[in-house]
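Here are a few exercises to work through with the model open in your viewer. Try each task before reading its solution.

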Amino acid sequence: MNSTLNIPTDTLFIADNLALDFINTAYGVGGNQHDCFTDDNSVVEWLRLAGQLPREFQEVNQAPDGLLDLAREFRSGARVVIENAISGVIPDLAVVNRLLESGRPVREIEWNHKSGMFNIVKRLRYNDPSCLLEPVAESLASLLASDKFGFVRQCEGPDCILLFHDLTKSHRRRWCSMATCGNRMKVAAFRSRKKTE
Ligand SMILES: [Zn+2]
């Protein structure tokens, strides 16, 4: 499988958090909407770039059917959860809990012929899309439970819906990135200052 061709060139990792980076794979509003996920393989590639593709998966190296659909469904549900939680509304957490449940590894007891002992083994079900996405749900759950959740923000740029976890010391981060929204806003502020001069 040569899925390097599917790497979205605009994949964004600006959030300082896995779950928020995942939500940020859909961005833009109105006619400028963009989705980094275009097929099952593009989701696998994103997980690889995010460092979340288990090494064992390389042996299988086949995106499970339904990965794109589940990724998109979880992503839109996760955005609602975050937006609710930011605005102080207790979100419906079923979307997170479902994935935590369906994606967890199978535990089995087996007889090990070599050692002559019983072993408990954990197995990921690589043919199941929820297994690949479970770390994202785990990250979202940890973020919600974190005492630093209050530092989750949406970029202040107009028409920018990107989310990030402001882990800077001063907690004064306002933009998804200085190079894009931060700079745009600085230019706009400069222009409006000029106008009033
Ligand atoms: Zn922005």
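Two ground rules first. This is a predicted model, where local features need pLDDT of at least 70, side-chain atom pairs count only at pLDDT 80 or more, and totals for chains, interfaces and linings use all residues. Residues are numbered from 1 along each chain as its sequence is written.

**Exercise 1. Get the overall picture of the protein chain.**

Step 1: count the secondary structure, taking helices (H or I, at least four residues) and strands (E, at least two) as DSSP runs numbered from the N terminus.

Step 2: box the C-alpha atoms along the principal axes, which gives roughly 85 × 40 × 30 Å.

Step 3: work out burial. A residue is buried if 20 or more other C-beta atoms (placed from the backbone) lie within 10 Å of its own, exposed if 12 or fewer, and partly exposed in between. Of the 197 residues, 27% come out buried.

**Exercise 2. Find the largest nonpolar core and the elements that build it.**

Step 1: collect buried Ala, Val, Leu, Ile, Met, Phe, Trp, Tyr and Cys residues and join them through C-beta atoms within 7 Å. The largest such core has 37 residues, and Ala 19, Val 43, Leu 133 and Leu 163 have the most contacts inside it.

Step 2: sort by element. Two or more residues each come from α1 (18–23), α2 (40–49), α4 (67–86), α5 (94–102), α6 (129–145) and β6 (163–165).

Step 3: look at α2, where eight of the 10 residues are buried. Among them are Val 43, Val 44, Trp 46 and Leu 47, but also Asp 40 and Glu 45. The cover over these buried residues includes α4 and α6.

**Exercise 3. Describe how α4 packs on α6.**

Step 1: The α4 and α6 axes come within 10 Å and cross at roughly 5 degrees. Angles under 35 degrees count as roughly parallel, over 145 as roughly antiparallel, 65 to 115 as roughly perpendicular and the rest as oblique, so α4 is roughly parallel to α6.

Step 2: list contacts (C-beta atoms, placed from the backbone, within 7 Å). The α4 side includes Leu 70, Phe 74 and Ala 78, and the α6 side includes Leu 133, Leu 140 and Leu 144. The residues of this contact divide into 11 nonpolar, one polar and no charged.

Step 3: zoom in on Leu 140 in α6. Leu 140 is buried, with 27 other C-beta atoms within 10 Å. Leaving out residues up to four places away in sequence, Leu 140 touches Ala 19, Ala 78 and Val 96. The C-alpha atoms of Leu 140 and Ala 19 are 5.1 Å apart, although 121 residues separate them along the chain.

**Exercise 4. Is strand β4 covered or in the open, and what does it pair with?**

Step 1: count buried residues. Of the seven in β4 (residues 117–123), the number is zero, so β4 lies largely in the open.

Step 2: find the partner, where pairing needs at least two DSSP bridges. Strand β3 (residues 106–112) pairs with β4 in the antiparallel sense over seven bridges, and Trp 111 stands opposite Phe 118.

Step 3: check the turn. Four residues lie between the strands of this hairpin, and Gly 116 takes a positive phi near 65 degrees.

Definitions and conventions
Axes are lines fitted to C-alpha atoms, for helices over the stretch in contact, and angles run from 0 to 180 degrees between N-to-C directions. Two residues are in contact if their C-beta atoms, placed from the backbone, lie within 7 Å. Ala, Val, Leu, Ile, Met, Phe, Trp, Tyr, Cys and Pro count as nonpolar, Asp, Glu, Lys and Arg as charged, and the others, Gly among them, as polar.
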